[in-house]
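I opened this notebook to record what I looked up, entry by entry.

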Amino acid sequence: MKVAITDYQYDDVETEKKIISDSGAEIFIFQCKDDEEQLIKNIADMDAVIVQYAKITANVIQHLKHCKVLVRYGIGVDNIDVEAATKKGIYVANVPDYAVQEVSDHALSLILALNRKLLPMMASVRHGTWGYNDIRPMQGLYSSTLGLVGFGRIPQQVCRKALPLFKEVLVFDPYIPPDFISSKGAVPVSFDQLCTRSDTISVHCPYTDSTRHLFNAETLKKMKDTAYLVNTARGGIVSQRDLEHALQEKEIAGAGLDVFETEPLAADSPLLAMPNVICTPHVAWYSEDSLKFLQRKVAEEVVNVLSGNVPRNLINKSLAK
Ligand SMILES: NC(=O)c1ccc[n+]([C@@H]2O[C@H](COP(=O)([O-])OP(=O)(O)OC[C@H]3O[C@@H](n4cnc5c(N)ncnc54)[C@H](O)[C@@H]3O)[C@@H](O)[C@H]2O)c1
């Protein structure tokens, strides 16, 4: 059996190598994510493929001769054409329970830093201004409303951590029963209500055709001009151009972004020059703990499938039958 890692951003992949070779399979390590032709050459003959950011398009999938499973390093599988994989009978799996605490902590850090205006305060001190004049007005967190888009694993943790801090937590998730949202202490609302009522909105839905540019010129205008937007989910959910415009026109008060439409973020992005915007380099997932967990889990999933089992964390569930 042959297993490939298409690309990875870690210091090494020794954990994956050990788990996979101990199972008797051969492992091939590549660093190829943008060159589709090379990617196809690398993985066409593999029985299992571990993917980080490489785009596994329908064309790539078409060339896979006997691949059983594509395992994503992480939660989002938006770089894999799941429909094409399903048609070809290839399992797609992820690691849904990794970094849930890290991402929810990161989102909360951005939410708190924006609301407490930490960056403008730092700039104020740097410029020799003492006192609160430069950062007025500021609302107390306990009188403000947090809105969450999506109510999966990560935002449920954001909700749990934020409830003692905020006046209320609103949630928009069309696929989760309102009773479940209420049982967690939050208030189920429509997307429109979330936009108009929240003082901070934190985005946590997956990136799909229906969530692409969910935040655009029109929906950003619905937000309060004092509101903050935080995105730790996927860049494409927010139109970056429309967000830049909304910030420039002061239609919203600021943003905290870990993900961008194009990554890495261009060094000349206007977002980097804005004092009310915090940008982090798609690292919300990171801690040494989550890193080790992820590397171990992807390798174990591969071994599990090559032993004849259905993936533990199967995305294209129709293949389980
Ligand atoms: N920045 C990072 O480092 C990082 C790390 C891990 C995950 N993520 C991203 O975080 C996001 C959330 O992860 P999770 O583990 O909570 O996901 P999850 O799979 O547990 O939950 C996703 C939720 O989104 C809901 N949803 C689907 N479409 C929606 C829509 N149109 N509007 C509102 N809600 C919708 C679903 O009903 C589900 O409850 C994903 O986009 C993932 O890619 C980012």
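I located Pro264 in the loop between strand 11 (254–257) and strand 12 (277–279). In this predicted model, the peptide bond from Glu263 to Pro264 is cis, with omega near -5°.

I then turned to Arg136 and Pro137, which are joined by a cis peptide bond with omega of about -10°. Pro137 belongs to the loop between helix 6 (118–126) and strand 6 (145–149).

Next I checked phi angles. Ala99, a residue other than glycine, has a positive phi near 60°. I found Ala99 in the loop between strand 5 (91–93) and helix 5 (100–115). Ala99 counts as buried because its relative accessibility is 6%, under the cut-off of 20%.

For His282, also a residue other than glycine, phi is positive and near 50°. The loop between strand 12 and helix 12 (288–306) holds His282. His282 counts as buried because its relative accessibility is 13%.

My last entry concerns the ligand. Which residues are closest to the ligand? I noted Ile154, Asp173, Cys205, Thr232 and Asp258 as the closest of the 27 residues that surround it. By class, this shell has 16 nonpolar, 7 polar and 4 charged residues. Helix 7 (residues 153–162) gives the most to the shell, with 3 residues.

I also looked up atom pairs. A backbone N or O atom of Cys205 lies 2.9 Å from a ligand oxygen atom, and one of Thr232 lies 2.9 Å from a ligand nitrogen atom. A polar side-chain atom of Arg234 is 3.3 Å from an oxygen atom of the ligand. On its own the ligand has 880 Å² of accessible area, of which the protein covers 88%.

Definitions and conventions: Residues are numbered from 1 along each chain as its sequence is written. This is a predicted model: local features need pLDDT of at least 70, side-chain atom pairs count only at pLDDT 80 or more; totals for chains, interfaces and linings use all residues. Side-chain values use heavy atoms; hydrogens and water are left out. A residue is near a molecule or strand if one of its heavy atoms lies within 4 Å of it. A polar contact is a pair of N or O atoms within 3.5 Å; within protein, one must be able to donate a hydrogen and the other to accept it, and residues adjacent in sequence count only if both atoms are side-chain atoms. Accessible areas come from the Shrake-Rupley method with a 1.4 Å probe; for residues, only the protein chains shown count as cover. Helices (H or I, at least four residues) and strands (E, at least two) are DSSP runs, numbered from the N terminus. Ala, Val, Leu, Ile, Met, Phe, Trp, Tyr, Cys and Pro count as nonpolar, Asp, Glu, Lys and Arg as charged, and the others, Gly among them, as polar. Buried means under 20% relative accessible area, exposed over 50%, partly exposed in between (1.4 Å probe, protein chains only).
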